[in-house]
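Below are my notes on the model, as numbered points.

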Amino acid sequence: MLRILVVDDEEIIRNILLDMLSQDGHTVHTAVDGKDALEQLEGSSYDLVLSDLTMPRLDGAALLRIIRERWPETLVIIITAYGSVDSAVSAMREGAYDYITKPFLIEEIRLRIRNILAMRSLSRENTALRNQLQEKYDFSAIIGKSEGILGVLEMIRRISIARSNVLILGESGTGKELVARAIHANSPCRSGPFLAINCGAIPENLLESELFGYKKGSFTGAYKDKVGLFASADEGSLFLDEIGEMPPGLQTKLLRALEERVVQPIGSTETLPFTARIIAATNKDLAREIGTGSFREDLYYRLNVVEIRVPPLRERQDDIPLLARYFVKKKSEAIAMPEPEVEPEAMRALEQHTWKGNIRELENIIERAVILCEGNRIGLSSLPSHLRQIAVPDEPERRLPALALNEIAPADTAGQSLKQAVAAFERRYVEETIRQCADDKKEAAARLGISVASLYRKLSGED
Ligand SMILES: Nc1ncnc2c1ncn2[C@@H]1O[C@H](COP(=O)(O)OP(=O)(O)OP(=O)(O)O)[C@@H](O)[C@H]1O
Ligand SMILES: [Mg+2]
């Protein structure tokens with residue numbers, strides 16, 4: 001509902017509007033002329049002023065000008081006598097939100113107010129969206145308190161004042177792009193653009209023209225000049241994602257650009273200087289790529305003025321509950337449902353899982369759990385089965401239905417004591433489980449409900 005100030009020198013109009021709008025639930029005050037209105041505006045804030053045009057002391061047009069200047073958030077609707085539409089139109093030019101001619105129908109005013117309410121909720125949504133973007137790109141979007149992630153944040157802080165090239169290394173889904181955005185958001189380039197390109201996702205010739213641009217007519221289909229990303233990212237940051245995938249020919253061209261701080265658009269004889277900061281990222285082991293000759297060593301050193309290694313999630317288990325809660329909140333807000341609670345067993349399962357897909361995998365699993373959860377609680381049953389198995393040693397699913405006894409029974413137990421036979425069986429059972437877990441001993445131990453140490457003891461026959 002709105003706070004409304006009605007300004008009119010005719011008492012009857014003031015009263016009608018006061019009654020009607022108060023009945024609709026708005027907070028309404030009245031003023032007898034422009035001067036009176038200014039006094040009231042001084043004392044408290046209004047969303048809307050409904051004002052007559054012709055009034056003694058200070059008229060509607062003058063009042064409008066003052067309001068626009070001093071209270072730009074307050075909307076003004078001019079109420080004007082039939083026949084003076086011209087002055088109403090000039091009031092619109094001065095920034096009135098709308099005008100209504102007298103005699104007016106109550107419904108006309110209600111309609112305007114409904115529009116204002118709709119507009120306000122829209123602009124509030126926009127602000128929320130902007131805040132979300134801010135949150136996503138700002139430093140604060142990086143959730144975590146583990147030593148590993150604090151090291152990354154410290155590094156971002158330290159390099160924030162510089163414009164030097166940065167190379168971000170880390171497995172898939174560890175948050176490399178988020179780190180790149182945080183570097184940009186905290187750097188002197190923050191008011192410039194952040195442009196990103198995935199060097200592994202597009203064909204070589206397209207990648208070249210995207211990065212460097214081209215001159216009209218330089219190849220079939222080049223109908224007009226194209227500005228490349230290096231030039232577009234001027235005063236900002238250019239994020240070269242999956243740099244390890246860059247084809248050798250382009251590596252050479254990129255190296256030249258970085259060395260000379262200029263780019264040469266395809267088909268152009270001129271070179272253009274650029275100022276963008278270059279941030280590159282890869283999930284590849286570049287040292288190995290250099291070893292095999294698929295990545296240029298000199299380019300590596302150019303890019304790697306500062307190196308940031310984003311640790312995988314399994315090296316920062318402390319962060320899992322924090323991240324899980326953060327994603328639960330984010331995902332439930334996105335679908336406008338109340339935030340579900342994560343049950344302790346489910347949290348334990350999340351903590352114990354070996355996250356091969358890192359934070360992206362965690363995010364996806366939480367998204368699924370938020371959608372699937374019952375009674376607004378995320379329990380084990382809301383998690384995919386491969387996570388559940390690790391968490392609950394006694395769950396029937398974990399009892400290896402695939403292992404038929406006769407398949408794994410030791411070949412010959414004749415003449416053995418019961419104890420020896422059981423130990424032999426145990427060892428076969430453990431070996432078979434390890435095989436089923438693709439040699440992941442940690443996972444095998446979890447499935448068997450024993451510690452890794454005990455698994456080794458059983459294998460060596462000590463236990
Ligand atoms: N510390 C973090 N806090 C909150 N969200 C994170 C964090 N790290 C990553 N994310 C989120 O996880 C998802 C994956 O992150 P991002 O895309 O930055 O990873 P990446 O390392 O670039 O992955 P890829 O190598 O697959 O491109 C994104 O949705 C990102 O917002
Ligand atoms: Mg990425």
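1. In helix 14 (residues 344-352), the buried residues are A346, A349 and L350. They span an arc of only 100° around the axis, so they sit on the same side of helix 14. The arc is taken from the directions from the helix axis to the C-beta atoms. An α-helix has 3.6 residues a turn, so residues three or four places apart point the same way. Buried means 20 or more other C-beta atoms within 10 Å of a residue's own, exposed 12 or fewer, and partly exposed in between, with C-beta atoms placed from the backbone. Helices (H or I, at least four residues) and strands (E, at least two) are DSSP runs, numbered from the N terminus.

2. On provenance: this is a predicted model, in which local features need pLDDT of at least 70 and side-chain atom pairs count only at pLDDT 80 or more, while totals for chains, interfaces and linings use all residues. Residues are numbered from 1 along each chain as its sequence is written, and chains are lettered from A and ligands numbered from 1 in the order in which they are written.

3. The largest nonpolar core has 41 residues, of which I168, V179, F230, L238, I278, I279 and A280 touch the most other members. Helix 7 (residues 176-185) gives the largest share of this core, five residues. Another core, of 27 residues, lies apart from it and includes A31, L48, L50 and L75. A nonpolar core here is a set of buried Ala, Val, Leu, Ile, Met, Phe, Trp, Tyr and Cys residues joined through C-beta atoms within 7 Å.

4. Ligand 1 is surrounded by 16 residues, the closest being I143, S172, G175, K176 and E177 (C-beta atom, placed from the backbone, within 6 Å of the ligand). Helix 7 and helix 15 (358-372) are the elements that give two or more residues to this shell. Domain 2 (148-311) and domain 3 (314-397) both contribute to the shell, so ligand 1 lies between them; the domain bounds come from an automatic or database domain assignment.

5. E171 is in the loop between strand 6 (166-169) and helix 7. It counts as partly exposed because it has 18 C-beta neighbours inside 10 Å. Apart from neighbours within four places in sequence, E171 contacts N283, P312 and N358 (C-beta atoms, placed from the backbone, within 7 Å).

6. A222 belongs to the loop between strand 8 (213-214) and strand 9 (226-227). With 15 other C-beta atoms within 10 Å, A222 is partly exposed.

Conventions. Two residues are in contact if their C-beta atoms, placed from the backbone, lie within 7 Å.
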